[in-house]
Amino acid sequence: MSKLTSADRKINSELSELKMKRSPYVVMYFRRGRLVVENYITRRSFQIDLDGLMLLSYFSTWRSASQTSQALGGYTRASIIHSIQNLRAAGLLITKGSDQDKLETRFGKEWLWPTASRYYHFSTKIDEPHNATDEIRQYYSSYLKGRRQPPIYKSYGGRPKIRLLRQTGAEAPFFRTLRRRRTTREFSGKPISINELSKLVYYSWGRISSYRTPEFGELLHKTSPSAGARHPIETYAIVNNVDRIDAGIYHYSVRNHSLELLKSGDFRERCVALTAGHSWTRKASVVFIMTAVVARTAWKYRIPRVYRAFLLDAGHLSQSFLLTATALGLGAFCIGIFRDGLIEKELNLDGISETVLFVVGVGQPLKSRHRPRQGILSDYSWSLQDS
């Protein structure tokens, strides 16, 4: 942030009368010994000096640049307005009635939790494509190669142990499905059927039943749990290759167990862009985007820890999705790296009242002619050796 200067600049008369105040979503912290201010809604951060900090502090309520220049002695009017312009351009000061003001006001009404959960969610959004292959290799060589990894097991040596029973004999279908689950990233490009899609969606996100309560009205029962039975997750399907369903972007209606067409067209290359460059998504039959309707959970729970419920819900649903796809003989995957802003723009979401959480996908797996290496897929459920 530039220091307040005494340079004689032309005064912007329009700016001088605008009502502005400090964004309520500004946080400050030290980075490498320098003070940094960040608007975590816009995800923009800047170094700031004491003069800029003083101005931000002064704009705790709606004030104009003219009022500020009169109240702050020792600086020229032009230098104050110039610095206010910088703070406003950085998104640290917002103008009354502006789009940013309306967005941040809506955010305050939707996200009823304190700063910690808000900051975590918005500061971890991704806008840029994922690293290219050569960048990933460079990262491995620079930071991972040759470094000792943390152990994958934890044990309490010398403590008494009770040996649990090994799994032998006939096995229920559900347990076979659990053992067969794999992440699939190679697809044949062949379509899945509408029957397979219907089952997959119903047993992942569908309403199994509902019940009424005197306090909260109708609540949903799904195959996955949700904190307080709030079920904040909505699902959008990018259909690339499904028999009897035109390609396009759809919203899944839980109430009617139906797909609602939002956009028609071929979105295979768009899938790659939305998922930050994950190329295998273009051959997936369907890519599903899970979002959270914030008010459903925030209405009941006001503590920041409940933000975790969004992430837990997405995890529960994803596992149901993966197991259902496995039971149907389909290949499936999850993606945690995607371009939040690009998806929200594609789905016409504001990212405040409804925000993107997770991406999963499904397709016909490409049958490999080679058996998987035992070192990669060792099955320990049948081993008789003690560890």
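I take the radius of gyration over C-alpha atoms, and the globule rule I hold it against is 2.2 Å times the number of residues to the power 0.38.

Entry one, overall shape. This is a predicted model. I looked up the radius of gyration and got 26 Å for the protein, whereas a compact globule of 387 residues would have a value near 21 Å. The C-alpha trace spans about 85 × 55 × 45 Å along its principal axes. For secondary structure I find 13 helices and 13 strands.

Entry two, confidence. The average pLDDT is 88 for the protein, and 91% of the residues score at least 70. Where does pLDDT stay under 50? One such stretch is residues 1–11, which has 32 contacts beyond four places in sequence in the model. Residues 373–387 are also below 50, with 17 contacts beyond near neighbours in sequence.

I picked H9 (residues 194–205) and H12 (residues 307–327), which pack at an angle of about 150 degrees with their axes 8 Å apart. Over 145 counts as roughly antiparallel, so that is how H9 and H12 run relative to each other. Their crossing is right-handed. On the H9 side I list Lys199, Leu200, Tyr203, Ser204 and Trp205 in the contact; H12 brings Leu317, Ser320, Phe321, Thr324 and Ala325. Sorted by class, the H9–H12 contact has 6 nonpolar, 3 polar and 1 charged residues.

Note on methods
Residues numbered from 1 in each chain as written. Predicted model: local features only at pLDDT ≥ 70, side-chain atom pairs only at ≥ 80, totals over all residues. Heavy atoms only, no water. Axes fitted to C-alpha atoms, helices over the stretch in contact; angles between N-to-C directions. Helix = DSSP H or I, 4+ residues; strand = E, 2+ residues; numbered from the N terminus. Parallel < 35°, antiparallel > 145°, perpendicular 65-115°, else oblique. Left-handed = near helix turned anticlockwise from the far one by under 90°. Contact = heavy atoms within 4.5 Å. Nonpolar A, V, L, I, M, F, W, Y, C, P; charged D, E, K, R; others polar. pLDDT = per-residue confidence, 0-100.
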